[in-house]
Amino acid sequence: MLKTLTMATALALLPVIGLAQSAPERRPLLMAGKSTLEQRVLTRPGAVPVARPGADAPEGAAAIPPLSLLFVYGRETAGGEDWVEVGRGGRSVPVGWVPARTVIDWKQNLVVAFTDRVNRNRALFFKDGEDLRRIVEEEDAGAFARDTLTAIQTGTLAADAPVIAAEPPAHVDISRQFYLLPILDWQEVWFPDGFQALALNVAATSEGADAPETAPEAAPEPDVVAEGYRTGVVFVVDTSISFDRYIRAAERVMTGVRDRLVKEFGPAAPRFGLVGFRDVMEDGSPDGYVSKVFAEPVADPDQADFLTALGRLEASTVSNRDFREDAYAGLRTAIEGVDWGDAEGRFVVLITDASPRTGAQDGGASGLGTEQLRLLARANRTAIAAVHLETPAGAEDHARAAAAYRDLTDYPNIGSLYFPVAGGDVAAYEAVVERLATTIAQGMRPDTAPAEVTPAPAPVAEALERTGLVGQAMRLAWAGAQQGSRPPELFQAWVADRDLANPASKALDVRVLITRNQLSDLQATLQAILEAGEATRIAPGDFFGALQGAAAAMSRRPDRVAGAEARRLADTGLIGEYLEGLPYRSRVLELTEDDWLAWSFGQQREFLDDLAAKIRLYRAIHDDADLWIALDDDRAGGAAVYPIALDALP
């Protein structure tokens, strides 16, 4: 089911005013220099639509809600003032004319989302971009941020301060409460230690209060934060022939953990689930399964299904292709293929002794590479931890496995949840699983003292600390949703995408508000590029010619496709204009014919494999109805939107 927008002050339903529904269909105006992108605006407070430019608004006429996203159908000047004709786009008729001063031109679909509130300070919003740049590049930004936050919290912020608001004390999770913080402009700034940041000019809903809140702020109480919060843990266990003795060890330690946590937490104990995975055999067929759900993290006070499933988990009796296993197939099943019930904190714990197969070209059933699987987990509010047994038999595989799992389990602003077990020692392995499950469970109860355990090796202790921070981030995100936390009610301001006091931590994620139709088009575009690359492997010089033909075949206006002399993929007409000018470097958009011809076969193969993995990620996002937001009842389906991360773009 599509999400319904709940933030009453942003993108609310637009009033339909006295225009006949039988009017002929009109298309919005195009942006200057664009052949497909239509002009869009965001409304300011007080935008009251009228029937014609210069007309007075009828008494009692309702204003369009602030920050409503509208398309532009006309521009005129009347009575010495500029006017804009606006509407919802698509097949709907315009809703009327509004003064140009009551709207903001929005040239790109860029928005920002607050990152998890751990390892960073609250973001500060500045009146002027120059003030933000000066403080970042010329002053002690950390001291300024700390002093300003103290003044906001105590209600003593000076009226002439350059900061007009701060991020709310409680975290605002865009996946739980959709909000709109559109980017109107941006520029690069540099901290003295070399960190680069983006200074973003954003708009936010304003109820006519442009001044900051000066009353002291109240932070959420820890016991309130924890009440009603539930955690789910799905163990994804290697069931290949080499893992037999570790399966029985897993059964022992997980049974003990379950008994202790059920006793400690009662019905509120973490919900446990279980997924098994293995690789296919030499002939390409699976030994029973590649990934299989044995138990789901349902609300079972006794965890009886989980215990029964542990007893049914058996290792394969035949050898597969090589030492690697299809761990990513098991992880994708855990992320998308289980019922998490009421678990808001979601952890997937991988347990294996082998490196993963990544992507379809590598023989992986998930079809996803490391980056795409990590992004899919984040889209589903799921953290991945990896317990890697460095057994003597897999000595040549250890470095490859460690690199993949460190990258896969990297959690924004916190770090990797990677747990190596030296030598594959069974006792050490059981201790790691027990400590990890306990740490995740304690994340539900911030007032619970850590259990007394023997010291863990440094890499494990550090990963456990990071796991606790991830649990805290999940709990705070849930608490913010319960308390109805909202973005600051300012209208237009500048904000840095990194923590002013700790620029290594990101405060804001830049995302693209993409429609379902656009994502479908992007998927089709990458598929065309992939097929052109596969078809010209023997004659790579024909690749750009094949792209040109694909662009002409896919275009609704072949006459607008660039000529055969196009030397950059961005010029072929394949890539949508909505990706141009974004604040990131696109490997696809920057690809030139000279680059392609200079690449080795392996480099070309890597490029195409990455496209294939992104296509599968887009399909997963496109087909997950719970991820999409319907801006209003008339803009569902292909016009629903999703704030996709820049990292997910090609």
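R357 counts as buried because its relative accessibility is 3%; buried means under 20% relative accessible area, with a 1.4 Å probe and protein chains only. Before I go on: this is a predicted model, where local features need pLDDT of at least 70, side-chain atom pairs count only at pLDDT 80 or more, and totals for chains, interfaces and linings use all residues. Residues are numbered from 1 along each chain as its sequence is written, and side-chain values use heavy atoms, leaving out hydrogens and water.

R357 lies in the loop between β15 (345–352) and α7 (370–379); strands are DSSP runs of E, at least two residues, and helices runs of H or I, at least four, numbered from the N terminus. Beyond four places in sequence, its contacts (heavy atoms within 4.5 Å) include D279, R321 and Y328.

Now the sheet. It is open, with six strands in the order β14-β13-β12-β15-β16-β19 and mixed pairing; two strands pair if DSSP finds at least two bridges between them. β12 (residues 231–238) runs parallel to β15, joined by seven bridges.

Last, the cores. A nonpolar core is a set of buried Ala, Val, Leu, Ile, Met, Phe, Trp, Tyr and Cys residues joined through side-chain atoms within 4.5 Å. The largest has 92 residues, and V236 is among those touching the most other members. Helix α14 (residues 601–623) gives this core its largest share, nine residues. A second, separate core has 55 residues, including F306 and M474.

Technical notes. Buried < 20%, exposed > 50% of the residue type's maximum accessible area, 1.4 Å probe, protein only.
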